[in-house]
Amino acid sequence: ARSRRTPASFSFPSPFPALGGGAWRSREPFSIFSILILTLLVLLTIATFLWNLLVLVTILRVKTFHRVPHNLVASTAVSDVLVAALVMPLSLVKELSAGRRWRLGRALCHVWISFDVLCCTASIWNVTAIALDRYWSITRHLEYTLRARRRTSNLMIGLTWALSAVISLAPLCGWGETYSPAQQRCQVSQEPSYTVFSTCGAFYLPLCVVLFVYWKIYKAARFRIGGRRRNAVLPLPERGPVKTSHEPQMVFTARHATITFQTDGETWREQKEKKAALMVGILIGVFVLCWIPFFITELISPLCSCNIPPVWKSIFLWLGYSNSFFNPLIYTAFNKNYNNAFKTLFVRQR
């Protein structure tokens with residue numbers, strides 16, 4: 001009997017395997033939607049790496065950036081560039097495999113999961129450190145001197161990476177298992193106690209801190225605006241000449257007199273504080289929107305044994321990764337010094 005051969009065709013696995021089910025994949029070996037999703041994820045990975053690398057190179061080459069708060073920005077860029085270089089590519093390989101199976105072995109699985117937890121946790125806590133630095137510089141600008149600011153920022157950077165290392169290395173010390181050879185599964189430890197510890201330490205605790213910080217910044221800004229309005233001196237109404245006696249004397253007339261107790265320095269400070277509060281608000285808002293879906297499912301899934309579709313897990317995970325792309329965009333967009341430094345850097349290269 002003559003063997004029947006099918007014509008050659010391209011078969012491209014979907015980045016999100018649960019999308020459409022197995023029957024759909026058998027009927028549609030080539031999916032334009034899969035190509036678009038894959039292209040988007042690749043572009044996101046490359047853009048995240050290049051943008052954060054540009055921020056790091058700029059901070060290293062420009063001497064005026066060798067101080068606070070740019071050391072906090074540099075720490076954030078380091079964590080985000082590691083996410084793009086070490087975490088996102090292997091996650092993309094996992095998405096492309098059939099059934100999201102891990103075919104790269106136990107050792108590489110442990111390395112990937114450890115760097116995933118380490119870098120993402122460090123990125124989240126670095127955002128928290130930036131918010132705290134802005135909060136103290138606004139509400140305690142007299143006590144929060146340059147020396148105290150440098151010491152505090154270095155301490156926050158050290159604590160950020162130390163806590164991230166503890167959370168990421170705990171499964172390697174026996175707190176749950178990340179790799180299942182039978183199912184070819186590589187994922188963060190699903191041990192309920194570790195899930196509570198890791199999600200609280202990596203997200204829910206910094207979430208409470210940043211929300212509290214922004215509430216205090218907003219409250220301080222409202223208090224200062226209210227104080228300016230209460231202390232403002234209104235112009236005197238127009239009055240005619242005032243005579244105190246029938247003797248010839250000098251006549252004083254007050255016409256639209258305006259008195260202000262505000263100096264140019266205070267005006268500049270208020271504009272700077274307003275801009276910093278807006279930057280912190282956008283940074284926190286994007287951080288919450290990117291990470292809260294992933295950490296809600298990450299906490300609920302092991303505790304209630306819920307079966308969350310893999311497609312939603314993938315969407316929530318990559319939405320969290322995208323926070324590493326938005327971070328440098330936000331804190332450089334609100335600082336003209338970075339834009340000028342970028343232009344100078346490219347001009348010198350030419």
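Me: At its relative accessibility, does arginine 149 count as buried or exposed?
Reply: This is a predicted model, with local features needing pLDDT of at least 70, side-chain atom pairs counting only at pLDDT 80 or more, and totals for chains, interfaces and linings using all residues. Residues are numbered from 1 along each chain as its sequence is written, and side-chain values use heavy atoms, leaving out hydrogens and water. Relative accessible area (1.4 Å probe, protein chains only) sets the classes: under 20% buried, over 50% exposed, partly exposed in between. At 16%, arginine 149 is buried.

Me: Which residue does arginine 149 meet in a salt bridge?
Reply: A salt bridge puts a side-chain nitrogen of Lys or Arg within 4 Å of a carboxyl oxygen of Asp or Glu. Arginine 149 sits in helix H5, and its partner lies 16 residues away in helix H4. With N and O 2.8 Å apart, that partner is aspartate 133.

Me: What relative accessible area does aspartate 133 have?
Reply: Aspartate 133 also pairs with arginine 134 at 3.3 Å, so Asp133, Arg134 and Arg149 form a salt-bridge network. Aspartate 133 and arginine 134 are both buried. For aspartate 133 the value is 0%.

Me: How many residues apart in sequence are the parts tied together by glutamate 177 and arginine 106?
Reply: Their side chains form a salt bridge at 3.3 Å, N to O. Glutamate 177 is partly exposed at 44%, and arginine 106 is partly exposed at 38%. Glutamate 177 is in the loop between helix H5 (146–169) and strand E1 (179–180), while arginine 106 is in helix H4 (106–139), so the separation is 71 residues.

Methods: Helix = DSSP H or I, 4+ residues; strand = E, 2+ residues; numbered from the N terminus.
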